[in-house]
Amino acid sequence: MIPSDHYHRPDILADELSALFAPFWQFGAMRGELANDRDFVCVDHRGAAVVLQNFRGELRAFANICSHRFNRLQPGERGNRPLICGYHGWMFDETGFPRGMPRREGFALDDREALCLTRYQVDCCGEFVFFRQAETGPGLREYLGAFHPLLERIGGYFGAEIDTGVTPHAANWKLLVENVLECYHCGVVHQDTFVRTLGIGRAAIAEAEFSGPHSTSHFPRTALPGEARRRKALAYLDGRAFAHDSFFHIYIFPNLFISSTQGLSFYVGQALPEEPARTGLRFRLFEPRLELTRAQRASQDLINGSGLTLGRAVIEEDRAILEQVQRGVELTSKTGVIGRDEVRIAAFMDAYEHLMRGGSLGGIAPVDHQIGAGDPASGIAEEEHGGIGDIVRAAEA
């Protein structure tokens, strides 16, 4: 168990950024956000100001800080513009060197190290773009382990983005992680959203799987009143490539969350630690990739509107409860307890403590108990929704 003071001590956050964030791959953007020349996406959290940018088809990642007088280079969260400083007009190329400099004769141009931006590693897994602040370390494929083919495949099911934003949480980043790794709280916190609207939260976690510090699971659906009408209204989506009767959740250490609600919508969330008790949740919501008729497009737009409202409501419900948890964790010396449905939280805590002690990725101990279709805790049979193995096998085919 993680000690309670690890959720509010500034020195612990500094250690986490050094041991868990900087050495490993972090999610930066979706490839579609960087599809065109000069497209950029910024990622900001304590200890990092990163810009990922397209330079004529080549993706680069740099510190989003001008090497001249430290101005933020790209404003906002994403957009399309040259990598140019709005303070003195320095414009940087794909190597991080300022090719455009007003009155350049006044600078020592041979000191390339001083003039260049700090450059980071960048790599892609399917539609997901990652960066790494450390110069050396495991490659992205090695880091993602058994889930590399899963991510490579699942992003291809995403259609158009229908919502994006950042929601500030007055809570430690680990509380956001732990919250999404279980749905034990759904029956209380999300009674009118997940449970009554989607039928998710009544059944126990199913098919939890683990690879290093990462994990996945299904949270099964149960039938709702009016299920036949619901299925009829959604019949035009029966041809979607990724269909499952559950809420399928992927966690990529340290701070990336990807989920699919029956393959009808997809969510990408990112917990960005700002202070020990402040985290920004950056999220993106996508519709499924499908060719639709004009009438179907109109139906999908209505569903998207409902999904957008529901998604933001769930985020707000979690934010409110996590801010209460933060207040509590600052006033206790206890470490809490972990139940059987919280097996993914236990795995996260084990990996966290191992890596914080300086352990290696390869040294993370296998999870002792994996909930599966044959486990009475799973609540439903495997064939009702399909497991990660089906997706990985399809990706490898």
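Trainee: In β12, which residue is the bridge partner of Ala-206?
Mentor: The partner of Ala-206 is His-218. This is a predicted model, in which local features need pLDDT of at least 70, side-chain atom pairs count only at pLDDT 80 or more, and totals for chains, interfaces and linings use all residues. Residues are numbered from 1 along each chain as its sequence is written, and side-chain values use heavy atoms, with hydrogens and water left out.

Trainee: How many bridges join β11 to β12?
Mentor: There are 4 bridges between strand β11 (residues 206-211) and β12, and the two run antiparallel. Strands (E, at least two residues) and helices (H or I, at least four) are DSSP runs numbered from the N terminus, and two strands pair if DSSP finds at least two bridges between them. In the hairpin of β11 and β12, 2 residues lie between the strands, and Gly-212 takes a positive phi near 60°.

Trainee: And which residue of β13 is the bridge partner of Pro-220?
Mentor: Ser-246 is the partner of Pro-220. Strand β13 (residues 246-252) is joined to β12 by 6 bridges, again in an antiparallel arrangement.

Trainee: Is β12 mostly covered or uncovered?
Mentor: Strand β12 (residues 214-220) is mostly covered, with 7 of its 7 residues buried. Buried means under 20% relative accessible area, exposed means over 50%, and partly exposed lies in between (1.4 Å probe, protein chains only). His-214, Thr-216, His-218 and Pro-220 point one way from β12, while Ser-215, Ser-217 and Phe-219 point the other way.

Trainee: Changing topic, why is helix α5 described as largely enclosed by the rest of the structure?
Mentor: Helix α5 (residues 173-180) is largely enclosed because 7 of its 8 residues are buried. Among them are Trp-173, Lys-174 and Glu-178.

Trainee: What is Phe-348 in contact with?
Mentor: Leaving aside neighbours within four places in sequence, Phe-348 is in contact (heavy atoms within 4.5 Å) with residues including Trp-173, Lys-174, Val-177, Glu-178 and Tyr-251.

Trainee: Which residues touch the most other members of the largest nonpolar core?
Mentor: They are Phe-128, Phe-130, Leu-151, Ile-154, Phe-158 and Phe-348, in a core of 56 residues. Helix α10 (residues 343-356) gives the most to this core, with 6 residues. A nonpolar core is a set of buried Ala, Val, Leu, Ile, Met, Phe, Trp, Tyr and Cys residues joined through side-chain atoms within 4.5 Å.

Trainee: Where is Glu-287, and is it buried or exposed?
Mentor: Glu-287 is in strand β16 (residues 278-288), and is buried, with a relative accessible area of 7%.

Trainee: Which side chains are joined to Glu-287 by a polar contact?
Mentor: A polar contact of 2.7 Å joins the side chain of Glu-287 to that of Arg-297, and another of 2.7 Å joins it to that of Asn-304. A polar contact is a pair of N or O atoms within 3.5 Å; within protein, one must be able to donate a hydrogen and the other to accept it, and residues adjacent in sequence count only if both atoms are side-chain atoms.

Trainee: What about the backbone: which residues does the cis peptide bond join?
Mentor: The cis peptide bond joins Phe-253 and Pro-254, with omega about 5°. Pro-254 is found in the loop between β13 and β14 (256-261).

Trainee: Phe-70 has a positive phi, so is Phe-70 buried or exposed?
Mentor: Phe-70, with phi about 75°, counts as exposed at 59% relative accessibility. Gln-262 also has a positive phi, near 60°, but counts as buried at 6% relative accessibility.
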